[in-house]
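This text leads through one structure step by step. Keep the sequence and the model in view while reading.

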Amino acid sequence: HVPPTTTRTMLLSRLASGLKRASVSTTTLVSCKIHTLPDLPYDYTALEPVVSSRIMEIHHKKHHQAYVTNLNIALEKVEAASAKGDIVTVDSLKGALRFNGGGHANHSLFWKVLAPSNGKGGVLPDSNSKLAKEVVATFGSFEQFIEKFNAQATAVQGSGWGWLVYDPVRQKLSISTTPNQDRPQDHAPVIPIFGIDVWEHAYYLDYENRRPDYLKNIWKVVNWSQVEQNFANVA
């Protein structure tokens, strides 16, 4: 006979190993933390005309909130199923945790790396900064970086994200894309320092199917100060 606590630990360990790419830690599973929708660091109107207030409100209040709500529901189900030793149900929830956990994490980063154009938005880092030097060394210039980033993000089929990531082993920056709500670290040992949402809900009301136009304009509201801080935290 296996004690209930041992069974529960085994279940959580099994789920955690299967969720290496799900962006949900074992600690989160055990504690079943209640996640909440983060406040935006600016008003819904702040990114106009690049992104309309209508899109910002729907994107934040509806889409991001849905990821948070469904993540909490999935975590509660994991907690209940693991307590009963229900391996089948625990395993069946991995997809929901990956999708909604990724959606919550991705958007939480996304909001922070944007800022109004009359504030920090669109202001490139000082040329002597660590990030600027690394971008130039890797891509040639910020202009070349943006051109390459936009080309890769435009080419994402269906829904997904474009990313600037840092590889702590190789100590290099690179551009990557992910489908749906996957995070870059779901696919490689990298850390995202910047990301752009290319799901249609991020731009369709303003740009319809013109994703390249959205990507061209979004740089006007990129908060490079936050991207620099993200880079400094990992490099």
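Predicted model: local features only at pLDDT ≥ 70, side-chain atom pairs only at ≥ 80, totals over all residues.

Two strands count as paired if DSSP finds at least two bridges between them. By that rule strand β1, residues 160-167, pairs with β2 in the antiparallel sense, over 8 bridges.

W161 has T178 of β2 as its bridge partner, and the bridge partner of W163 in β2 is S176. The hairpin formed by β1 and β2 has 4 residues between the strands. Within this hairpin, Q171 takes a positive phi near 55°.

The sheet as a whole is open and has 3 strands, in the order β2-β1-β3, with antiparallel pairing. Which strands stand at the edges? They are β2 (172-179) and β3 (191-197); each has a single partner strand, so one side of each is left without a neighbour in the sheet. Neighbouring strands are turned against each other by 25° on average, direction ignored. In a regular strand, side chains alternate between the two faces of the sheet.

Helices also lie across this sheet. Helix α5, made of residues 94-112, lies across β1 and β3 and runs at about 80° to β3. Helix α10, residues 224-234, lies across β1, β2 and β3, and its angle to β3 is about 155°.

Another arrangement to look at is a pair of helices. The axes of α7 (residues 142-154) and α9 come within 10 Å and cross at roughly 145°. This crossing of α7 and α9 is right-handed. On the α7 side the contact is made by N150, A153 and T154, and on the α9 side by R211, P212, L215 and K216. Sorted by class, the residues in the contact of α7 with α9 are 3 nonpolar, 2 polar and 2 charged.

How many cavities of 30 Å³ or more does a search of the whole structure find? The search finds 1. About 30 Å³ of space lies in the largest cavity. Its lining consists of V51, I55, M56, H59, F110, L114, A202, Y214 and I218. Helices α3 (53-83) and α9 (211-218) each supply at least two residues of this lining, and α3 gives the most, with 3 residues. By class, the lining of the largest cavity has 8 nonpolar residues, 1 polar and no charged.

Two details of the backbone remain. Most residues other than glycine have a negative phi, and most peptide bonds are trans. The peptide bond from E48 to P49 is cis, with omega near 0°. P49 lies in the loop between α2 (26-31) and α3. The other detail is at N180, which has a positive phi of about 55° although it is not a glycine. N180 is found in the loop between β2 and β3.

Note on methods. Residues numbered from 1 in each chain as written. Heavy atoms only, no water. 1 Å grid on protein atoms, 1.4 Å probe; cavity = no way out; pocket = protein on both sides within 12 Å on 5 of 7 lines; lining within 4 Å. Points joined across faces, edges and corners; volume = space filled by probe spheres on them. Nonpolar A, V, L, I, M, F, W, Y, C, P; charged D, E, K, R; others polar. Axes fitted to C-alpha atoms, helices over the stretch in contact; angles between N-to-C directions. Left-handed = near helix turned anticlockwise from the far one by under 90°. Contact = heavy atoms within 4.5 Å.
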